[in-house]
Amino acid sequence: MSEIEEMIAKAREAQAVYVRHFDQDDVDAAVKITTKTIYDHAEELARMAIDETQMGVYEDKVAKNRNKSKGVWWDLHAKKSMGILSIDERTGLIEIAKPIGVVAGVTPMTNPIVTPMSKIAFALKSRNAIIISPHPKSKICSCKAVDLICEALKAVDLPEGMVQIVREPTIEKTQELMAKCDVTVATGGMPMVKSAYSSGKPSFGVGAGNVQVILDRDIDYELATSKLVTGRSFDNGIICSGEQSCIYPHEHRNEVLAGFRVNRGYVCNEEQREKVINAIFEDGHTARDVVGQSAVKIARKAGFEVPENTRILVVESNGRFGVDDPISKEKMCPVMAAFPYQYFEQAIEIAQTNLSYEGKGHTAGLHSNSQANIIKAGSELSVSRLIVNAICATTAGGSIQNGLPVTNTLGCGSWGGNSISENFTFKHLLNITRVAPLQTRMRVPSDQEIWD
């Protein structure tokens with residue numbers, strides 16, 4: 001029996017005990033412990049993640065550990081996840097929740113702490129066992145996070161094997177896990193997501209991000225650009241929901257660029273623009289040595305110096321967009337593209353064209369005071385979430401204030417090659433039995449009534 005087979009066998013035994021003995025209160029206690037553990041160790045785990053992966057920003061990782069853990073718990077704590085979920089008073093239809101079994105949780109090096117945490121919380125909430133397969137380059141900090149959670153869960157006598165992690169992950173082990181588990185939740189690069197979908201088992205994956213943000217007219221441009229800079233610079237730009245492009249009214253160019261500068265954004269000149277593009281892209285793909293690095297380091301690689309407190313580099317378009325300008329692509333570092341537009345419909349065209357180039361189905365942002373334009377953008381852009389007047393990087397993955405489930409796995413629908421177009425959460429790890437009795441007291445309309 002292989003290592004993975006032994007882990008799955010152990011998980012199945014543990015899950016059988018968990019389902020038999022843990023009621024809703026017990027389940028919720030386990031979820032609370034899971035999330036609170038990461039909250040309590042936010043600083044230690046953030047430091048470990050920085051030291052191991054050599055990417056991101058320590059303070060942002062601390063904030064991420066704290067905000068995601070408390071957000072996931074708050075989102076889950078009052079929700080029913082077992083037994084009878086609902087009874088339709090009109091039809092008598094009864095919905096009964098049941099677990100799936102063993103979950104394979106594939107996690108990335110960009111979010112090596114909060115992604116395992118949220119997947120464990122969702123699995124325990126839905127009474128599933130879970131085996132985490134971390135990215136090999138973040139295995140130390142991910143193992144530490146899971147070990148802390150497992151140690152804390154001893155307080156509620158969680159069956160051993162309910163939560164496990166592959167300590168020496170390899171591509172082969174991850175593929176075996178995905179093929180032999182009951183369901184896979186894959187967060188990471190597109191090759192890994194495609195591998196999950198081809199594993200032969202049900203899978204939930206994510207699509208590429210390339211968040212286009214439109215600035216409407218009649219807004220506070222300094223306030224809007226401050227949110228753009230915060231989102232683009234958060235964790236040095238490795239968040240898939242982070243702002244990538246600013247699409248602004250052409251007549252407000254000076255105000256927009258001034259807003260970037262006030263918020264410590266460095267606006268590149270034409271020569272520097274080409275140097276930055278050449279520095280961050282190699283053969284059309286993001287260069288590995290810029291991922292999660294600071295704006296200062298990226299400028300230095302590009303061959304020029306910027307002030308040490310620079311948060312992002314702003315690169316203006318070449319007058320085109322989409323495939324005609326490489327800055328339209330996703331940038332896994334604090335570099336922001338800027339595109340002017342003449343009228344709002346053109347702003348949507350630019351955003352949609354860039355999304356079709358990369359990032360279709362993920363997220364877009366809009367800063368606007370016009371409900372009509374908000375609805376127009378939501379209706380026309382092929383994204384699964386449109387963030388309005390807020391920081392995309394920190395709210396697209398869910399917020400207590402915006403109604404989106406708090407998660408680290410953002411489905412992109414068929415646009416992004418995914419099975420869901422919403423934020424992944426515990427409900428996706430439930431099988432639902434629907435008990436459907438015939439209600440003879442309900443009158444069946446005549447054929448004439450149906451067709452008239």
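# Close-up views of a predicted model

**Figure 1. Overall fold and burial.** Buried residues, meaning those under 20% relative accessible area (1.4 Å probe, protein chains only), make up 56% of the 452 residues in the protein. Exposed means over 50%, and partly exposed lies in between. This is a predicted model, in which local features need pLDDT of at least 70, side-chain atom pairs count only at pLDDT 80 or more, and totals for chains, interfaces and linings use all residues. Residues are numbered from 1 along each chain as its sequence is written, and side-chain values use heavy atoms, with hydrogens and water left out. The protein has 16 helices and 17 strands. Both are DSSP runs numbered from the N terminus: helices are H or I with at least four residues, strands are E with at least two. The radius of gyration is 23 Å, close to the 22 Å that the globule rule gives for 452 residues, so the protein is as compact as a globular protein of that length. That radius is taken over C-alpha atoms, and the rule is 2.2 Å times the number of residues to the power 0.38. Along its principal axes, the C-alpha trace spans about 65 × 65 × 35 Å.

Figure 2. A contact means heavy atoms within 4.5 Å. Among contacts between residues at least 6 apart in sequence, 73% join residues at least 24 apart. The protein exposes about 19,400 Å², and carbon and sulfur atoms supply 51% of this area. Areas come from the Shrake-Rupley method with a 1.4 Å probe; for residues, only the protein chains shown count as cover. There are 50 positive and 55 negative side chains, with the centres of the two sets 2 Å apart. Lys and Arg count as positive, Asp and Glu as negative; His and the chain ends are not counted. Each charge is placed at NZ of Lys, CZ of Arg, CG of Asp or CD of Glu.

**Figure 3. The largest nonpolar core.** A nonpolar core is a set of buried Ala, Val, Leu, Ile, Met, Phe, Trp, Tyr and Cys residues joined through side-chain atoms within 4.5 Å. The largest has 57 residues, of which Leu-124 and Val-163 touch the most other members. Helix α5 (residues 114-125) gives the largest share of this core, seven residues. Beyond four places in sequence, the residues that Leu-124 touches include Tyr-18, Val-27, Leu-153, Met-162 and Val-163. Another core, of 37 residues, lies apart from the largest one; Cys-333, Tyr-341, Ile-348 and Val-383 are among its members.

**Figure 4. Ile-327, a buried loop residue.** Ile-327 sits in the loop between β13 (312-316) and β14 (335-341). Its relative accessibility is 0%, so Ile-327 counts as buried. Leaving aside neighbours within four places in sequence, Ile-327 contacts Arg-273, Ile-277, Ile-280, Val-315, Val-335, Ala-337 and Phe-339. Val-444 is 117 residues from Ile-327 in sequence and 59 Å away in space, C-alpha to C-alpha.

**Figure 5. Two loop residues with positive phi.** Asp-218 lies in the loop between β8 (211-215) and α9 (221-233). Its phi is near 60°, a positive value in a residue other than glycine. At 69% relative accessibility, Asp-218 counts as exposed. Arg-264 is in the loop between α10 (253-262) and β10 (265-267). Arg-264 is not a glycine either, yet has a positive phi of about 65°. With a relative accessible area of 39%, Arg-264 is partly exposed.

**Figure 6. Ser-356 in helix α13.** Helix α13 (residues 344-357) contains Ser-356. This serine is partly exposed, at a relative accessible area of 45%. Lys-329 is 27 residues from Ser-356 along the chain, and their C-alpha atoms are separated by 9.9 Å.
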